[in-house]
Amino acid sequence: MSIMKKRPNPDKVDTLIGNKTVFEGKLNVYGGIRIDGAVKGEIECQGILVVGNGGKIEANIIADSAIIGGEVIGNITAKNRLEIISKGKVRGDIASSHLIINDGVIFDGSSHMLSDEPVKYPLDKKETSPKDPGREDKK
């Protein structure tokens with residue numbers, strides 16, 4: 001298995017919001033979506049979300065994978081992969097298991113890396129405590 005997750009095909013979209021379109025509300029997408037227009041509200045995408053260079057989003061986003069080339073104001077959770085390409089702007093917190101931020105990006109927020117594996121804590125109390133990884137229990 002490769003350490004790098006393969007970039008999803010940004011051309012494989014089922015839904016397009018064009019550059020002269022404005023949408024306000026909650027989007028539930030089952031497949032890929034490309035947004036070149038404006039969206040305000042919430043976005044949940046079971047597939048790839050592509051925000052084109054002219055796209056402007058004011059929403060919290062949950063997607064399998066996302067490629068951001070436009071502007072997003074809101075939090076992004078991309079379960080598999082999040083890529084912010086040059087000239088992309090993100091103002092909000094992001095979480096993903098694989099994150100790529102290209103040169104020229106504006107990112108104002110915090111990032112959190114998601115893990116595919118559950119956290120493994122030591123079972124033996126004499127081993128390192130999960131609350132303080134550098135300290136051993138003295139019981």
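Me: Accessible areas here come from the Shrake-Rupley method with a 1.4 Å probe, and for residues only the protein chains shown count as cover. What does the accessible surface of the chain come to?

Reply: First, a heads-up: this is a predicted model, where local features need pLDDT of at least 70 and side-chain atom pairs count only at pLDDT 80 or more, while totals for chains, interfaces and linings use all residues. Residues are numbered from 1 along each chain as its sequence is written, and side-chain values use heavy atoms, leaving out hydrogens and water. Carbon and sulfur atoms hold 49% of the surface.

Me: What share of the residues counts as buried?

Reply: Buried means under 20% relative accessible area, exposed means over 50%, and partly exposed is in between (1.4 Å probe, protein chains only). The chain has 139 residues, and the buried share of them is 35%.

Me: How many helices and strands does the chain have?

Reply: Both are DSSP runs numbered from the N terminus: helices are H or I with at least four residues, strands are E with at least two. Reading along the sequence gives the pattern β-β-β-β-β-β-β-β-β-β-β-β. The tally is zero helices and 12 strands.

Me: In which sense do β4 and β5 pair?

Reply: Two strands pair if DSSP finds at least two bridges between them. For β4 and β5 there are 12 bridges, and I48 stands opposite S65 in β5. The sense is parallel.

Me: Which residue in β7 is the bridge partner of I61?

Reply: β5 also runs parallel to β7, with seven bridges joining them. Strand β6 (residues 71-73) pairs with β5 too, in the parallel sense over three bridges, and there E58 stands opposite I73. Over in β7, the partner of I61 is I76.

Me: What share of the contacts with a separation of 6 or more comes from residues 24 or more positions apart?

Reply: Contact means heavy atoms within 4.5 Å. I43, for one, touches residues including L27, I35, L49 and I57, not counting those up to four places away in sequence. Across the chain, the share from residues 24 or more positions apart is 9%.

Me: How far apart in sequence are the parts that the E44 and K26 pair ties together?

Reply: A salt bridge is a side-chain nitrogen of Lys or Arg within 4 Å of a carboxyl oxygen of Asp or Glu, and E44 and K26 have their closest N and O atoms 3.6 Å apart. E44 lies in β4 (residues 38-51) and K26 in β2 (residues 22-30), so the parts they tie together are apart by 18 residues.

Me: Are E83 and R81 buried or exposed?

Reply: Their side chains form a salt bridge as well, at 3.3 Å from N to O. Both residues are buried.
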